[in-house]
Amino acid sequence: MHIAIAGGGVGGLTLARILHRHGISTVVYEREASRAARWQGGMLDLHPESGQRALAEAGLADGFRSEARPEGEEHRILDPAGRTLVHHVPAPGSFSGRPEIDRRALRDLLLDSLPGDTVAWGQRIIAAAPRPGGGWELTSDGGHHTGCDILVGADGARSVVRPLLTDVALTPVSTIVELGIADADRRHPDLADLVGPGNLWCVGVNQILSAQRLGDGSIRVGISLRATDRPLDRYRDKPSLLALFDGWDPRLTALIEAADNTPTPRRIETMPTGTRWPGRPGVTLIGDAAHLLPPVGEGANQAMLDAAELATELATRPDDLDAAIHSYEEAMFTRIRPVAEMSARIQSMMLSPTAAQDLVRFFTPRPKQPAPTA
């Protein structure tokens with residue numbers, strides 16, 4: 001069994017790690033030149049039933065606990081005037097909820113658990129053609145050719161593998177602009193105190209200014225806006241961004257002013273809820289390649305759960321790999337539909353005119369109903 005995984009994100013690496021534990025080797029084709037080639041993004045809250053479950057099956061639960069930050073679950077929601085609407089503080093040191101971990105730390109944990117030759121760095125798969133006897137002939141952007149029996153697309157939103165199975169179109173749902181503040185405790189202690197150890201959401205009408213504390217002491221700042229046809233270049237300078245928040249409390253907009261880097265805007269797109277495909281021998285998808293969700297906390301978790309479930313199927317049915325893939329896909333289609341529906345509702349709620357009120361209701365615990373009497 002020769003398995004090729006296109007994409008070295010957390011989904012592809014989780015799949016490689018769990019298959020490795022089953023004695024099945026893989027090659028992960030990753031376009032980045034090395035693990036340190038680019039910034040990996042902010043924090044992830046790993047859910048017990050998905051991301052944490054996958055790490056347990058990967059034998060990395062202890063490593064996760066040593067890198068995760070339970071205090072990162074703290075979050076506050078403010079209005080544009082700086083008034084606190086919601087403030088959630090987790091139990092100190094508790095791992096019972098959804099502890100946060102930096103994407104970089106999680107990716108390093110997975111990479112360090114794999115044989116050194118598992119990842120083919122600097123090789124992005126750009127084409128795949130079926131071989132006459134089964135399997136796939138792969139071409140990387142460097143002109144390298146190789147073959148495999150099973151091809152798994154873990155190559156994200158713009159997946160090259162996805163068109164082998166479906167021609168589904170993506171739909172834009174928002175624009176996100178990212179900025180960063182390094183060494184916040186020393187250089188900007190007021191902002192470090194404002195953000196706290198976890199997440200801060202400043203919620204306005206159809207827009208959110210957010211910030212999250214990373215494990216290295218930096219702050220990741222994000223601006224979320226409704227999807228428009230406005231060119232992304234209009235979000236690449238601070239004055240243009242500050243104009244979007246005219247009238248907001250200066251303590252909040254200071255997060256934009258203090259950023260060290262040039263703003264990085266990008267379109268956020270999703271796949272239609274209920275997307276599925278009829279199946280094709282020797283190829284399947286996981287993560288964003290299979291079900292591109294809005295960024296509301298499920299993407300990485302579902303990618304890792306995809307990886308765990310696919311690995312289990314392949315390991316238990318080595319003599320009928322197509323049946324293993326079919327079983328994985330049918331279970332994944334059923335599992336992901338309600339997750340996608342919920343994610344779409346949350347995405348719509350967060351960028352609505354009534355987002356602040358809706359989020360307060362969403363995060364306010366409902367009183368327990370009295371038990372029925374006999």
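## Close-up views of a predicted model

The structure holds 23 salt bridges. Keep in mind as you go through the views that this is a predicted model.

**View 1. A salt bridge between Asp108 and Arg35.** Here Asp108 pairs up with Arg35, and their closest N and O atoms sit 3.3 Å apart. The two partners come from distant parts of the chain, 73 residues apart: Asp108 belongs to helix α4 (residues 103-112), while Arg35 is in the loop between β2 (26-30) and β3 (43-45). Is Asp108 buried or exposed? Its relative accessible area is 19%, and the cut-off for buried is under 20%, so Asp108 counts as buried. Arg35, with a relative accessible area of 34%, is partly exposed.

View 2. The buried ones are Ala105, Leu106, Arg107, Asp108, Leu109, Leu110 and Leu111. Glu67 itself is in helix α3 (residues 61-67). With 42% relative accessibility, Glu67 is partly exposed.

**View 3. Arg266 and Glu178, a salt bridge between two strands.** The side chains of Arg266 and Glu178 meet in a salt bridge, 3.2 Å from N to O. Which strands do the two come from? Arg266 lies in β16 (residues 264-270) and Glu178 in β12 (residues 171-181), so the pair ties together parts that are 88 residues apart in sequence.

View 4. Asp183 and Arg186 form a salt bridge, with 2.7 Å between the closest N and O atoms. Asp183 is partly exposed at 35% relative accessibility, whereas Arg186 is exposed, with a relative accessible area of 62%. Elsewhere, salt bridges that share partners join five residues into one network: Arg53, Glu57, Asp306, Glu309 and Arg335. As a reminder, side chains of opposite charge can pair when their charged atoms come close.

**View 5. Phe245 and Trp248, an edge-to-face pair.** How many aromatic pairs are there? The count comes to two. In this one, Phe245 and Trp248 have their ring centres 4.8 Å apart and their planes at 80 degrees, which makes the pair edge-to-face. Phe245 is buried, at 1% relative accessibility. Trp248 is buried too, at 11%.

**View 6. Trp277 and Phe333, the other aromatic pair.** Trp277 and Phe333 are also edge-to-face, with 4.9 Å from centre to centre and 85 degrees between the planes. The pair links distant parts of the chain, 56 residues apart: Trp277 is in the loop between β16 and β17 (283-285), and Phe333 is in helix α10. Both partners are hidden away: Trp277 is buried with a relative accessible area of 4%, and Phe333 is buried at 5% relative accessibility.

**View 7. The second largest pocket.** This pocket has a volume of about 190 Å³. Its lining takes in 19 residues, and those nearest the centre are Met271, Pro272, Thr273, Leu293 and Ala340. Which helix gives the most to the lining? That would be α10 (residues 321-350), with seven residues. By type, the lining residues split into 12 nonpolar, six polar and one charged.

**View 8. The two stretches annotated as FAD-binding.** The label here comes from UniProt: an unreviewed entry carries the annotation "domain: FAD-binding" for residues 3-75 and 283-316. Over residues 3-75 the chain is 36% helix and 18% strand, with 41 Å between the end C-alpha atoms. Over residues 283-316 you get 53% helix and 9% strand, and the end C-alpha atoms are 17 Å apart.

Note on methods. Residues are numbered from 1 along each chain as its sequence is written. This is a predicted model: local features need pLDDT of at least 70, side-chain atom pairs count only at pLDDT 80 or more; totals for chains, interfaces and linings use all residues. Side-chain values use heavy atoms; hydrogens and water are left out. On a 1 Å grid over the protein atoms alone, a cavity is a set of points where a 1.4 Å probe fits but cannot get out, and a pocket is an open set with protein on both sides within 12 Å along at least five of seven lines; lining residues have an atom within 4 Å of a point. Grid points are joined across faces, edges and corners, and a volume is the space filled by probe spheres set on the points. Helices (H or I, at least four residues) and strands (E, at least two) are DSSP runs, numbered from the N terminus. Ala, Val, Leu, Ile, Met, Phe, Trp, Tyr, Cys and Pro count as nonpolar, Asp, Glu, Lys and Arg as charged, and the others, Gly among them, as polar. A salt bridge is a side-chain nitrogen of Lys or Arg within 4 Å of a carboxyl oxygen of Asp or Glu. Buried means under 20% relative accessible area, exposed over 50%, partly exposed in between (1.4 Å probe, protein chains only). Rings of Phe, Tyr and Trp (its six-membered ring) pair if their centres lie within 6.5 Å; planes under 30 degrees apart count as stacked, over 60 as edge-to-face and the rest as tilted. UniProt positions are given in the numbering used here, feature names are shortened, and annotations may be inferred rather than shown by experiment.
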